[in-house]
Amino acid sequence: MDKATEIIIELMTQRGLSARQLESSANLSNASIQAWKSGKARPSVDALVKLSDYFGVSVDFLLGHEVQEKKSSLTERPAYDIAEKFVSEFGSLLSEKNFIDFTKLYNVMNENQKTFLLARTIGMLNGQGINTQAIVGY
């Protein structure tokens, strides 16, 4: 039995559902769960989506994918969040024309370019003795 089927069976047990009840309620074909249990078949993507909706869990959860919490670093944080804090803290350091030019350029950058630009800018500000802790959050 695959990991997804084990998790589905566990969810059924927790909720006191029979295979027939779940197949009917989640709009699955008859005997699907029995085929999964016996190893004759595996849950299809369509079935996993239906079951994730039914149980209120993600497909990742049903597949047994464990998400490990990562320590947030500047390069892993969404560039938009960093940019927003940057502008609120240091926008006054830019002239209006430079700020408009910066905004135009920033709007056409991809996520990696934005993160790189902001990381370099924050590094430069730190190098000048300007406290950027409010931007990076540590």
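Helices here are DSSP runs of H or I, at least four residues long, numbered from the N terminus. Keep that handy, and remember that this is a predicted model.

**Exercise 1. Find out where Asp2 sits, whether Asp2 is buried or exposed, and which residues Asp2 touches.**

Step 1: Start with the helix numbering. Asp2 lies in the segment before α1.

Step 2: Check the accessibility. Buried means under 20% relative accessible area. Asp2 comes in at 16%, so Asp2 counts as buried.

Step 3: Look for neighbours, skipping residues up to four places away in sequence. That leaves Arg42 and Pro43 as the residues Asp2 touches.

Step 4: Compare sequence with space. Asp2 and Pro43 are 41 residues apart along the chain, yet their C-alpha atoms are 9.2 Å apart.

**Exercise 2. Describe the chain as a whole: how many helices and strands are there, and what share of residues is buried?**

Step 1: Count the elements. You get nine helices and zero strands, so the pattern along the sequence reads α-α-α-α-α-α-α-α-α.

Step 2: Turn to burial. Of the 138 residues in the chain, 31% are buried.

Step 3: Take the contacts between residues at least 6 apart in sequence. Among these, 61% join residues at least 24 apart.

**Exercise 3. Work out how α1 and α4 pack: what is their crossing angle, and which residues make the contact?**

Step 1: Two packed helices are described by the angle between their axes and the distance between the axes.

Step 2: The axes of α1 and α4 come within 12 Å and cross at roughly 30°.

Step 3: Name the arrangement. Angles under 35 degrees count as roughly parallel, and therefore α1 and α4 are roughly parallel to each other. Their crossing is left-handed.

Step 4: List the partners. From α1 come Ala4, Ile8, Leu11, Met12 and Arg15, while α4 brings Leu48, Leu51 and Phe55.

Step 5: Sort them by type. Seven are nonpolar, none is polar and one is charged.

Methods:
Residues are numbered from 1 along each chain as its sequence is written. This is a predicted model: local features need pLDDT of at least 70, side-chain atom pairs count only at pLDDT 80 or more; totals for chains, interfaces and linings use all residues. Side-chain values use heavy atoms; hydrogens and water are left out. Axes are lines fitted to C-alpha atoms, for helices over the stretch in contact, and angles run from 0 to 180 degrees between N-to-C directions. Helices (H or I, at least four residues) and strands (E, at least two) are DSSP runs, numbered from the N terminus. Angles under 35 degrees count as roughly parallel, over 145 as roughly antiparallel, 65 to 115 as roughly perpendicular and the rest as oblique. A crossing is left-handed if the near helix is turned anticlockwise from the far one by less than a right angle, and right-handed if clockwise. Contact means heavy atoms within 4.5 Å. Ala, Val, Leu, Ile, Met, Phe, Trp, Tyr, Cys and Pro count as nonpolar, Asp, Glu, Lys and Arg as charged, and the others, Gly among them, as polar. Buried means under 20% relative accessible area, exposed over 50%, partly exposed in between (1.4 Å probe, protein chains only).
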